[in-house]
Amino acid sequence: MSDLIIHQIPVLKDNFIYLVHDPESGETAAVDPAIASPVMDVLKEKGWSLSYIWNTHHHNDHTGGNLELKKATGCSIVGAVADASRIPGIDIQLAEGDLVSIGQHKAKIFEVSGHTVGHIAYWIEGDHVLFSGDTLFSSGCGRLFEGTPEQMWASLLKLRNLPDETNVFCAHEYTVANVKFALTIEPENDSLKRRASQAQRLREDGKSTVPSNLGEEKRYNPFLRADNDSLLSATGLVGQDAVSVFAEIRRRKDVF
Ligand SMILES: [Zn+2]
């Protein structure tokens, strides 16, 4: 089985669309196409044809290109069964544990509610790839527009349980702002300090900070560390349960 090619397309202010291409089968998926035209441009340039759209959730900056791409390419649109009424043009409805294929590569679906109810993530184990949408960002997590802290913490735990070698392809370039906030939570965290200066450098060079490595996220992302002793000491939240700690960190980020 040949490796997947993942092409990152920065669009709008800070969104990422990903094209996932399997050279063996020739199949290509577009993950969260906010808009159609940059996707069409890359498909043309690469000589790829679009087989699928994989949506993580219903927000317009993730699904805005769905119908135009479907019309132009005849691709099938894949999304959460829980969000079927809110995802334009959906053809294939997925739930926890379902598998979707691109050639012989299989992505496993996790239901990760919190940012929205009905948000899903796509994990391609063999390629160490996670499309986390607006659930898990580098050094951050999505705002709780529809879900509760309980739901989001449970969702983040599912993703935290994945292997350290997983590459996290999130849907926004938020890292520099996220590490600034994270440093207010854990100012003495060395992994976080390293990530902060690395992210700053990458952005100054006009480069993307995404994907990030999940093993490292576990060491510096405060939203994955609501049950971590160092974080509890640093925040004065010792003795509180993880959901309360998570909710408090999320609240602080909302007003940061
Ligand atoms: Zn969103």
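**Notebook: cavity, pocket and sheets of a predicted model**

I looked up the largest cavity and found that it holds about 30 Å³ of space. The search ran on a 1 Å grid over the protein atoms alone, where a cavity is a set of points at which a 1.4 Å probe fits but cannot get out. Grid points are joined across faces, edges and corners, and a volume is the space filled by probe spheres set on the points. I noted that one cavity of 30 Å³ or more is counted by this rule.

I recorded that this is a predicted model, in which local features need pLDDT of at least 70, side-chain atom pairs count only at pLDDT 80 or more, and totals for chains, interfaces and linings use all residues. Residues are numbered from 1 along each chain as its sequence is written, and side-chain values use heavy atoms, with hydrogens and water left out.

**Entry: cavity lining**

I listed the residues that line the largest cavity: F16, Y18, V31, D32, T56, F131, S132, G133, F169 and A171. A lining residue has an atom within 4 Å of a point. Six of these residues are nonpolar, three are polar and one is charged. For these classes, Ala, Val, Leu, Ile, Met, Phe, Trp, Tyr, Cys and Pro count as nonpolar, Asp, Glu, Lys and Arg as charged, and the others, Gly among them, as polar. I found that β2 (15-21) and β10 each supply at least two lining residues, and that β10 gives the most, with three. Helices (H or I, at least four residues) and strands (E, at least two) are DSSP runs, numbered from the N terminus.

I then looked up D32, one of the lining residues. D32 lies in the loop between β3 and α1, and its phi is near 50°, a positive value in a residue other than glycine.

**Entry: largest pocket**

I looked up the largest pocket, which holds about 310 Å³ of space. A pocket is an open set of points with protein on both sides within 12 Å along at least five of seven lines. Its lining has 18 residues, and F137, C141, R143, Y174 and K253 lie nearest its centre. By class, I found seven nonpolar, six polar and five charged residues in this lining. β12 (140-141), α5 (175-185) and α9 (242-254) each contribute at least two of its residues.

**Entry: overall fold**

I found nine helices and 14 strands in the protein chain. The radius of gyration is 18 Å, close to the 18 Å that the globule rule gives for 256 residues, so the chain is as compact as a globular protein of that length. The radius is taken over C-alpha atoms, and the rule is 2.2 Å times the number of residues to the power 0.38. Along its principal axes the C-alpha trace spans about 55 × 40 × 35 Å.

**Entry: sheet β1 to β6**

I traced an open sheet of six strands in the order β1-β2-β3-β4-β5-β6, with mixed pairing. Two strands pair if DSSP finds at least two bridges between them. β1 (5-11) and β6 (92-94) stand at the edges with a single partner strand each, so one side of each is left without a neighbour in the sheet. Neighbouring strands are turned by 20° against each other on average, direction ignored. Helix α1 (residues 37-46) packs on the sheet, touching β1, β2 and β3 (28-31), and its direction makes about 145° with that of β1. Contact means heavy atoms within 4.5 Å. Axes are lines fitted to C-alpha atoms, for helices over the stretch in contact, and angles run from 0 to 180 degrees between N-to-C directions.

I checked the pairings next. β1 and β2 run antiparallel and are joined by seven bridges, with H21 in β2 as the bridge partner of I5. These strands form a hairpin with three residues between them, and L12 in the turn has a positive phi of about 50°. β4 (52-54) and β5 (76-80) run parallel and share three bridges; W54 pairs with V78 in β5.

**Entry: sheet β7 to β14**

I traced another open sheet of six strands, ordered β7-β8-β9-β10-β13-β14, with mixed pairing. β7 (99-102) and β14 (212-213) are its edge strands, each with a single partner strand, so one side of each is left without a neighbour in the sheet. Four bridges join β7 to the antiparallel β8 (105-111), and I102 stands opposite H105 in β8. Helix α4 (149-160) lies across β8, β9 (120-124) and β10 (129-133), running at about 155° to β8.

The peptide bond from V210 to P211 is cis, with omega near 10°.
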